[in-house]
Amino acid sequence: MHHSSLIEKYLTQLRCVTSDQQTSVLDLACGSGRNGLYLIEHDIPVTFADIKAEALEQVKESLEGFSQSQQPLGQCWQVDFEQAHSTPLQGKTFAGVLVFRYLHRALFEQLKAAIAPGGMIIYETFTLQQAQFGRPKNPDFLLKPNELLEQFAQWEILHSFEGVVSSSNNNEAKQAIAQIVAIKPK
Ligand SMILES: C[S@@+](CC[C@H](N)C(=O)[O-])C[C@H]1O[C@@H](n2cnc3c(N)ncnc32)[C@H](O)[C@@H]1O
């Protein structure tokens, strides 16, 4: 699957925050790594994190297709973000975090704390309206109205969207999504 156009639009800012902070961008619940790999292609360091070993194997295979200088920019981290009483992001700092098509509400506070001051969040996932179009249907995985805006209310909002869009790989299919791009206060 193709990377998100949001990543392309905010590439320059992502590059700035990673060089300011000297840390990587976390592609949280990365799956095949479509978004993080686009950053590697543009020489931005990325930590690819997912629970699934097979997903990370696929990321590693894709990394092998990059140049010798780009390959070390990608690090893989197998992790369960949903284990009760565990705080996998604690003590870690990233210049930015990308979250696409994943929601685990209990992670929000850890996630915000793991972004360096001046760093960036790019978050896109399904809203409650998605249940009328298809999966996911479980409200635990669907954002409530304004939920992302409320989570990042104290941050500088560069972009926010909530609504229905045509799916990027199938123009007939509709998806109800919310997006936010925001900078953490310094
Ligand atoms: C719908 S996919 C989205 C993948 C990618 N972000 C994208 O947009 O292409 C959701 C991903 O979340 C990962 N995931 C699910 N539960 C997880 C957990 N507890 N900890 C870490 N990753 C998890 C899955 O393995 C899967 O790769």
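Q: Before we start, when are two residues in contact?
A: Two residues are in contact if their C-beta atoms, placed from the backbone, lie within 7 Å. In this chain, residues 24 or more positions apart account for 61% of the contacts with a separation of 6 or more.

Q: What kind of model is this?
A: This is a predicted model: local features need pLDDT of at least 70, side-chain atom pairs count only at pLDDT 80 or more, and totals for chains, interfaces and linings use all residues. Residues are numbered from 1 along each chain as its sequence is written.

Q: OK, how many helices and strands does the chain have?
A: The chain has six helices and seven strands. Helices (H or I, at least four residues) and strands (E, at least two) are DSSP runs, numbered from the N terminus. The order is α-α-β-α-β-α-β-β-α-β-α-β-β.

Q: And how much of the chain is buried?
A: Buried residues make up 33% of the 186 residues. A residue is buried if 20 or more other C-beta atoms lie within 10 Å of its own, exposed if 12 or fewer, and partly exposed in between; C-beta atoms are placed from the backbone.

Q: Which residues have the most contacts inside the largest nonpolar core?
A: Those are Val 25, Val 97 and Ile 121, in a core of 44 residues. Such a core is a set of buried Ala, Val, Leu, Ile, Met, Phe, Trp, Tyr and Cys residues joined through C-beta atoms within 7 Å. Elements giving two or more residues to this core include strand 1 (25-28), helix 3 (34-41) and strand 4 (94-100).

Q: What does Val 97 contact, leaving aside its neighbours within four places in sequence?
A: Val 97 is in contact with Leu 26, Leu 28, Leu 111, Ala 114, Ile 115 and Ile 121.

Q: Back to strand 1. Which way do its residues point?
A: Val 25 and Asp 27 point one way, Leu 26 and Leu 28 the other, and all are buried. In a regular strand the side chains alternate between the two faces of the sheet.

Q: How do strand 1 and strand 2 run, parallel or antiparallel?
A: They run parallel, joined by four bridges. Strands pair if DSSP finds at least two bridges between them. Leu 26 stands opposite Thr 47 in strand 2.

Q: Is helix 3 mostly covered or mostly open?
A: Helix 3 is mostly covered, with six of its eight residues buried. Among them are Asn 35, Leu 37 and Tyr 38. Asp 43 follows helix 3, and its phi is positive, near 65°.
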